[in-house]
Amino acid sequence: MKTLLACLIVAGIGAAIAYNINESNYGRYEPHFGPIDFEGKTTAANAMASLKKEWSEDVPKVELPDGNEYDFGIMQPEEEGEHTFTVVNVGDAPLTLKIGASTCKCTVGTLENESLAPGEETEVKMSWTVKTNETTFGQSAELRTNDPTQVAIRFEITGKVVRQVQLVPETLTFKEVASGEPIDLELKVYSYMREEIELGQPKFSSEEMNELAEFAVTPLEIDDEEHAEATQAFLVKASIAPGLEQGPVSQNLVMPFNKVGAIADASTNGESELNEEDAPAESIVAAVTGRIVGVLSMLESTKLTGVTGGGYIYDFGKITEKGPQKAKAFVVLKGPERDKTKLSIGEVSPEGVVEAKLNDPIQNGSMSLYSLEFTLTPGDEKIDRLGMNREDYGLVTIVSDNPNVPSMKLRLKFSLPAR
């Protein structure tokens, strides 16, 4: 009982001390409009009267004669720009200014004067570096003021970003082409350089492709809005004759160019022997990708993929069901020998387990499409053909009656339980 009584006494003393501290710090606050009570003595009239005593009618006021936005038009990546905005104090009290945050480190604002008397003006200089992979640029920086109607002003910089040269398309892609077919590529080159340029002889980064290629470069009239600001345009065509090896193609098309103005300047400076061929050429580079496939090929899928060196693999995986397993794929015949060729099923392995059927072709544009149906039938023993080595697969061979169309092998990867 004595312990409980002692605890109550201590708690009471603590509460009294806390109340006194609270009353001392917060309980005697005098409101701006006088003591607050429940009788409603504060009215709109006496509130405004109190505000007029505290506030001056003289306030600063910001004016931007040229606005707060600037469109720089066209700039190139990594190019630096600068623009000056004007700020005027048209109020009756001193105006204070301070540069705030910007939306990007590539945009910086500097202030000439942080305090303006009534009637004075100053400049806010914005500088920026174009760092974007997009075709448009937009950044902003903030200016803070003591103008009660404009406590923050946002200066905005916008424009269009173009490289010195733009390519349409950006990458030349021809997807899959049969080894007996030619390849035709076409590219538009738009120059945004101030100097006039002349394109030289294009070439591929592969000598094998250069031996089979012919090029044509012709000037173009600029008649589309997207590239209206370009100073010049060219159409580049490349025709590659049949003869490339089968497999993926990943090369560059290199287009050297000379700045005509640079040649003229050198001649003016007394270098009379310098001519167009002697001038150091810069280059425009476009990526070229695609794949050269055999006259015979297959439409790939998640289960059917091509093999380096030719042929394909169909992956059944580990089969747990004991019944026959059916699958379907498509064989493609391309090239000028298409109409002179008849396909059929050749070697099949293991016999009695793998069966294959090739249906009549369907003509689809420049190719013939054959539906290939094959079946795995379980035997008395489990069979594993999981591709541990090149011979450790099932096999379906597609053959032709045309000596110009080589046969193609489809390997089957599977583990088949006994029936």
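Colleague: In this predicted model, does Y370 count as buried or exposed?

Modeller: Y370 lies in strand β26, which spans residues 367–376. Its relative accessibility is 5%, and the cut-off for a buried residue is under 20%. Y370 therefore counts as buried.

Colleague: Which residues is Y370 in contact with, leaving aside neighbours within four places in sequence, and how far in space is Y370 from L358, C-alpha to C-alpha?

Modeller: The contacts of Y370, with those neighbours set aside, are A329, F330, V331, L333, T341, L343, L358, N359, D360 and P361. L358, one of these residues, is twelve residues from Y370 in sequence. From C-alpha to C-alpha, the separation of Y370 and L358 is 6.6 Å.

Colleague: Which element gives the largest share of the largest nonpolar core?

Modeller: The largest nonpolar core has 30 residues, and those with the most contacts inside it are M298, F316, V331, F374, I398, L410 and L412. Elements giving two or more residues to this core include β19 (296–298), β21 (312–318), β26 and β28 (394–400). The largest share of this core is five residues, and the element that gives it is β29.

Colleague: Which residues does F316 touch, not counting those up to four places away in sequence?

Modeller: F316 is among the residues with the most contacts inside the largest core, as are F374 and L412. F316 touches both F374 and L412.

Colleague: How many residues are in the second, separate core?

Modeller: Nonpolar side chains tend to be buried together in soluble globular proteins. The second core of this model includes F174, L187, A238 and V249. The number of residues in this separate core is 29.

Colleague: Which strands stand at the edges of the open sheet of four strands, and why is one side of each left without a neighbour?

Modeller: The order of this sheet is β10-β12-β16-β15, and the pairing is antiparallel. Each edge strand has a single partner strand, so one of its sides has no neighbour in the sheet. From one strand to the next, the twist averages 20°. The strands at the edges are β10 (165–168) and β15 (213–219).

Colleague: Which residue in β16 stands opposite I183?

Modeller: Strand β12 (residues 183–191) and strand β16 (residues 232–240) run antiparallel and are joined by nine bridges. The residue opposite I183 in β16 is I240.

Colleague: In β9, which residue is the bridge partner of Y70?

Modeller: An open sheet of five strands has mixed pairing and the order β2-β9-β8-β4-β6. Its edge strands are β2 (69–75) and β6 (115–116). β2 pairs with strand β9 (residues 150–161) in the parallel sense, over five bridges. The bridge partner of Y70 in β9 is I157.

Colleague: Does N89 count as buried or exposed, and how far is a polar atom of its side chain from the backbone nitrogen of G91?

Modeller: N89 is placed in strand β3 (residues 80–89). Because its relative accessibility is 0%, N89 counts as buried. Among the residues that N89 touches are P60, L95, L116 and E120. A polar atom of the N89 side chain and the backbone nitrogen of G91 are separated by 3.0 Å.

Colleague: What is omega for the cis peptide bond that joins S349 and P350?

Modeller: Most peptide bonds are trans. The bond from V168 to P169 is cis, with P169 placed in the loop between β10 and β11 (171–178). P350 lies in the loop between β23 and β24. For the cis bond joining S349 and P350, omega is about -5°.

Colleague: What is phi of K175?

Modeller: K175 lies in strand β11 and counts as exposed at 65% relative accessibility. Most residues other than glycine have a negative phi. K175 has a positive phi, near 55°.

Technical notes:
Residues are numbered from 1 along each chain as its sequence is written. This is a predicted model: local features need pLDDT of at least 70, side-chain atom pairs count only at pLDDT 80 or more; totals for chains, interfaces and linings use all residues. Side-chain values use heavy atoms; hydrogens and water are left out. Buried means under 20% relative accessible area, exposed over 50%, partly exposed in between (1.4 Å probe, protein chains only). A polar contact is a pair of N or O atoms within 3.5 Å; within protein, one must be able to donate a hydrogen and the other to accept it, and residues adjacent in sequence count only if both atoms are side-chain atoms. Contact means heavy atoms within 4.5 Å. Two strands pair if DSSP finds at least two bridges between them. Axes are lines fitted to C-alpha atoms, for helices over the stretch in contact, and angles run from 0 to 180 degrees between N-to-C directions. A nonpolar core is a set of buried Ala, Val, Leu, Ile, Met, Phe, Trp, Tyr and Cys residues joined through side-chain atoms within 4.5 Å.
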